[in-house]
Amino acid sequence: MVYYYIKGAVINKVKITVLKITLDKELAEEYGAVGFNKFPMHTEGQVFYADYAKSDNFCDEAWKAIYQYIFTLGYGAESTLFYYMDWVRKPEAAVCVMMV
């Protein structure tokens with residue numbers, strides 16, 4: 001799994017930070033292809049900036065998983081807690097998990 005911290009910013013740019021990349025070895029051994037390992041495209045701490053378009057070098061599948069949050073934070077979730085005010089305690093932010 002890849003955990004992303006997404007923070008709204010000025011000029012409709014949204015900061016995406018890769019928080020953590022994990023691998024459940026037991027599940028990977030049972031269900032994954034031979035050699036299945038941690039997500040290789042991003043690294044923990046890596047930062048991207050995006051608006052309506054995906055940043056260069058950002059995983060296409062990860063983008064599909066989080067683009068709706070990017071759009072919302074970039075174009076309207078201002079000064080309120082995002083996602084029904086019960087998910088993340090910081091205004092203009094979201095935490096998303098992509099399972100790979």
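Which residues make a nonpolar surface patch of about 380 Å²? I began with this question. I kept in mind that the model is predicted.

**Entry 1: the surface patch**

I found that Y52, F71 and Y75 make the patch. I then looked up Y52. Its place is in the loop between β3 and α2. Is Y52 buried or exposed? Y52 has a relative accessible area of 63%. Exposed means over 50%, so Y52 counts as exposed.

**Entry 2: the core**

Next I turned to the inside. I read that nonpolar side chains tend to be buried together in soluble globular proteins. Here the largest nonpolar core has 18 residues. I noted those with the most contacts inside the core: I16, F58, W63, I66 and I70. Which elements give two or more residues to this core? I listed β2 (14–21), β3 (47–50), α2 (60–74) and β4 (93–98). The largest share comes from α2, with 6 residues.

**Entry 3: aromatic rings**

I searched the whole structure for aromatic pairs and found 2. In one of them, the ring centres of F48 and F58 are 4.8 Å apart. Their planes stand at 90 degrees, so I wrote this pair down as edge-to-face. F48 is in strand β3, while F58 is in the loop between β3 and α2. The pair therefore ties together parts that are 10 residues apart in sequence.

I went on to F58 and W63, which also form an edge-to-face pair. I noted 6.1 Å centre to centre and 85 degrees between the planes. F48, F58 and W63 form one aromatic cluster.

For F58 I noted a relative accessibility of 3%. W63 has a relative accessible area of 12%. The cut-off for buried is under 20%, so W63 is buried too.

**Entry 4: salt bridges**

How many salt bridges does the structure hold? I counted 2.

I looked at D60 and K54 to begin with. They form a salt bridge, and the closest N and O atoms are 3.2 Å apart. D60 is partly exposed, at 47% relative accessible area. K54 is partly exposed as well, at 32%.

Then I checked E61 and K64. Their salt bridge has its closest N and O atoms 3.0 Å apart. Where do E61 and K64 lie? Both are in helix α2, 3 residues apart, about one turn of the helix. E61 is partly exposed, with a relative accessible area of 46%. K64 is exposed, at 52%.

Note on methods: Residues numbered from 1 in each chain as written. Predicted model: local features only at pLDDT ≥ 70, side-chain atom pairs only at ≥ 80, totals over all residues. Heavy atoms only, no water. Core = buried A, V, L, I, M, F, W, Y, C linked by side-chain atoms within 4.5 Å. Buried < 20%, exposed > 50% of the residue type's maximum accessible area, 1.4 Å probe, protein only. Helix = DSSP H or I, 4+ residues; strand = E, 2+ residues; numbered from the N terminus. Patch = residues over 30% accessible without salt bridge, like charges linked within 9 Å, V, L, I, M, F, W, Y side chains within 5 Å. Areas by Shrake-Rupley, 256 points an atom, 1.4 Å probe, with all protein chains shown as cover. Salt bridge = Lys/Arg side-chain N within 4 Å of Asp/Glu carboxyl O. Phe/Tyr/Trp six-rings, centres within 6.5 Å; stacked < 30°, edge-to-face > 60°.
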